[in-house]
Amino acid sequence: MSTRMTRAVGVTEYGGPDALQVLDLPTTECGPGQVRVQVAAAAINPTDTFVRNGARSNTGTPAGIADVPGMDVAGVLTEIGPGVDTGLQVDDRVVAVVVPKDEHGAYREDVVLPQGSVVAAPAGHDDIAAATLPMNAMTARKTLDLLALEPGQVLAVTGSAGAYGGYVIQLAKHEGLHVIADAAEADEELIRSLGADEIVRRGTDVAARIRERFPEGVDGLADGAVLDEHVLPAVKDGGAVATVRGYRGDGQRGLQVHPVWVFGIAEEREMLAGLSALAADGTLTLRVADAVAPAEAGQAHARLEAGGVRGRLVIDFSR
């Protein structure tokens, strides 16, 4: 019996954007508690570059045939394994979060996932837009859960023009928080459209500008810009900070610093389903910068690393 193959984008050797190539890889069996998704679109996130360049490898070479990046997919449910009870049916449009490992990443046309990672796609959005939702929105949702602010309290957001920052702003406003966000001058209109109440110029010294508006410090801060120790002074004594690359703070002033990892929430189905509903009703804005063919994934990585991309670049597997 011949092995079924699927088209994917990955690396057989770590390197720059040019290391990405279109590959044919074996499909995976759909086991108990799992579902199969025919992927129409896969979003490209900054974290994907660390898979491509080997920064997350302990060996310096892919363990299997290739390493396939990617954490977000949108597509169609094509198979349901034993013991799955999600209410989804074959041929339903879905979105899912993928935890990449070896050949198992989002940049592939056929992927098998735990049932908890897959939910109905947001109504009213195509696959390209829907693929931009899962990982960043779930990270934003977990951020606010950890910060645990009350309506009326003040949240600062850095990296507000990014996908994560934008979702944090919109979710925070949905919950009645007062949001002060950083922005370059060119992004001010975008950040206001997402709902920020106040805007300060971005940069490593953004904490000082936030303190000018809130002399006692803000109640909480979501550090999407990965400024780490540079933003701690913006937060009041005993306040809360969420970070996205593992930074745990300096232990000073009673600050509660919460690193947020999507790996720990990748199967929180109710969370993702709730976010999909918020995208469907317009509470969350799905932002697409561009859609590219699989063969153009390397060029898209280069664009992402050059900076200035607003919205997500997405691999379109229909091309």
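Predicted model: local features only at pLDDT ≥ 70, side-chain atom pairs only at ≥ 80, totals over all residues.
**Figure 1. Pairing of strands E8 and E11.** Strand E8 (residues 154-158) and strand E11 (residues 218-223) run parallel and are joined by 4 bridges. Ala156 has Leu221 of E11 as its bridge partner.

**Figure 2. Packing of helices H3 and H7.** The axes of H3 and helix H7 (residues 269-280) are 10 Å apart, and the two helices pack at an angle of about 110 degrees. H3 is therefore roughly perpendicular to H7, since angles of 65 to 115 degrees fall in that class. On the H3 side, the contact is made by Pro134, Ala137, Met138, Arg141, Lys142 and Asp145, and on the H7 side by Met271, Leu272 and Leu275. Sorted by class, this contact of H3 with H7 comprises 6 nonpolar and 3 charged residues, with no polar residues.

**Figure 3. The largest pocket.** The volume of the largest pocket is about 990 Å³. Its lining consists of 40 residues, and those closest to the centre are Pro46, Gly224, Val226, Arg245 and Arg312. Two or more lining residues are contributed by each of helix H1 (46-52), helix H3 (134-147), helix H4 (163-174), E9 and helix H8 (297-306). The lining of the largest pocket contains 18 nonpolar, 14 polar and 8 charged residues.

**Figure 4. The second largest pocket.** A volume of about 330 Å³ is computed for the second largest pocket. Among the 17 residues that line the second largest pocket, Arg56, Ser57, Asp67, Lys101 and Asp102 lie nearest its centre. The lining of this second largest pocket divides by class into 8 nonpolar, 5 polar and 4 charged residues.

**Figure 5. The cavity.** Over the whole structure, the search finds 1 cavity of 30 Å³ or more. The volume of the largest cavity is about 50 Å³. Thr132, Ala163, Tyr167, Thr285, Arg287, Gly311 and Arg312 line the largest cavity. This lining of the largest cavity holds 2 nonpolar, 3 polar and 2 charged residues. Arg312 lines the largest cavity and is also one of the residues closest to the centre of the largest pocket.

Technical notes:
Residues numbered from 1 in each chain as written. Heavy atoms only, no water. Pairing = 2+ DSSP bridges. 1 Å grid on protein atoms, 1.4 Å probe; cavity = no way out; pocket = protein on both sides within 12 Å on 5 of 7 lines; lining within 4 Å. Points joined across faces, edges and corners; volume = space filled by probe spheres on them. Nonpolar A, V, L, I, M, F, W, Y, C, P; charged D, E, K, R; others polar. Axes fitted to C-alpha atoms, helices over the stretch in contact; angles between N-to-C directions. Parallel < 35°, antiparallel > 145°, perpendicular 65-115°, else oblique. Contact = heavy atoms within 4.5 Å.
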